[in-house]
Amino acid sequence: MYSYESEGHDFRCVHKGRKCYNDFYKNRLGEEIKDLLIKRNIDSDFAGKLVADIFSETKAGDLIEYSRAIHAEMDAITTLARLQSSNTKGKTIYCTTYPCHNCARHIVAAGIIRVVYIEPYEKSLALKLHDDSITDSSEHGKVVFVPYEGVSPSKYNSFFKIHEPRKRSDGSANLIDISQSKQIDPQFLDSYHAYEDKITQSLEQDDQDSSSNNQ
């Protein structure tokens, strides 16, 4: 709906009523559920607590269907469509975050064959809803979702910025000996999924060791 070309015509939620319309309509949905429970002779206060539990303990709280905005992936796809100078078929799309399931179906429909993302997104049901067309491995004929391997934008500055003073107190240059440089920030080179598996294995091993010691 709104893209980088929307300067002067930006009617995102923050500029239209100063409220999140996704949350607004989720709250409306909660009120409808509460009214239905009350009609079924459930006490109003208890019905309110049930609705709160439903939205806090189920996927209902993660609904993104009512958002007015388009995500970056959709903007990239629709921008190419408007430019008419290229197309998305057979292309790779790079994302800061794992695509949500809404964006995922547009990615599949657009003919994109590879998605590279930096951060995971736990709310996304992309792989569950579209396992026939999306994979996180190398299945032929499916869109491949793979984690980015390298220095992410959020960490780039911390890795490559000089953290030592450029000059000494007398104004002379502070020459930095690269061979003596220390690692700035510890980072794991494994993918998110591989790192998660290693943590799980480590915890399971700790449980086994603890059980052995208690015997």
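A disulfide is a covalent bond between the sulfur atoms of two cysteines. I began my notebook with that term. I also noted that this is a predicted model.

**Entry: cysteines**

I searched the whole structure for disulfides and found 0. Then I looked at C103. How far away is the nearest cysteine sulfur to that of C103? The nearest one belongs to C100 and lies 3.7 Å away. The cut-off for a disulfide is 2.5 Å between the sulfur atoms. C103 is therefore in no disulfide.

C20 has 38% relative accessibility, so it counts as partly exposed.

**Entry: the whole chain**

I stepped back to the chain. It has 215 residues, and 22% of them are buried. I listed 7 helices and 4 strands. Along the sequence, I wrote the pattern down as α-α-α-β-α-β-α-β-β-α-α.

**Entry: the sheet**

In general, strands of a sheet pair through backbone hydrogen bonds, either parallel or antiparallel. Which sense did I find here, parallel or antiparallel? The pairing is parallel. The 4 strands form an open sheet, and their order is β1-β2-β4-β3. I marked β1 and β3 (134–135) as the edge strands, since each of these pairs on one side only.

I then went through two of the pairings. β1 covers residues 92–97, and β2 covers residues 114–119. These two strands share 5 bridges in the parallel sense. How does the chain get from β1 to β2? It passes through helix α4, residues 101–109. I recorded this β-α-β crossover as right-handed.

β2 also pairs with β4, which spans residues 143–147. This pairing is parallel and has 4 bridges.

V116 in β2 is the bridge partner of Y94. V116 also has a bridge partner in β4, namely V146.

**Entry: a surface patch**

Which residues make the nonpolar patch of about 260 Å²? I found Y195, I199 and L203. I199 sits in helix α7, residues 192–214. Is I199 buried, exposed or partly exposed? I199 is partly exposed, because its relative accessibility is 38%.

Key:
Residues numbered from 1 in each chain as written. Predicted model: local features only at pLDDT ≥ 70, side-chain atom pairs only at ≥ 80, totals over all residues. Heavy atoms only, no water. Patch = residues over 30% accessible without salt bridge, like charges linked within 9 Å, V, L, I, M, F, W, Y side chains within 5 Å. Areas by Shrake-Rupley, 256 points an atom, 1.4 Å probe, with all protein chains shown as cover. Salt bridge = Lys/Arg side-chain N within 4 Å of Asp/Glu carboxyl O. Buried < 20%, exposed > 50% of the residue type's maximum accessible area, 1.4 Å probe, protein only. Pairing = 2+ DSSP bridges. Right-handed = clockwise from strand over helix to strand, strands pointing away.
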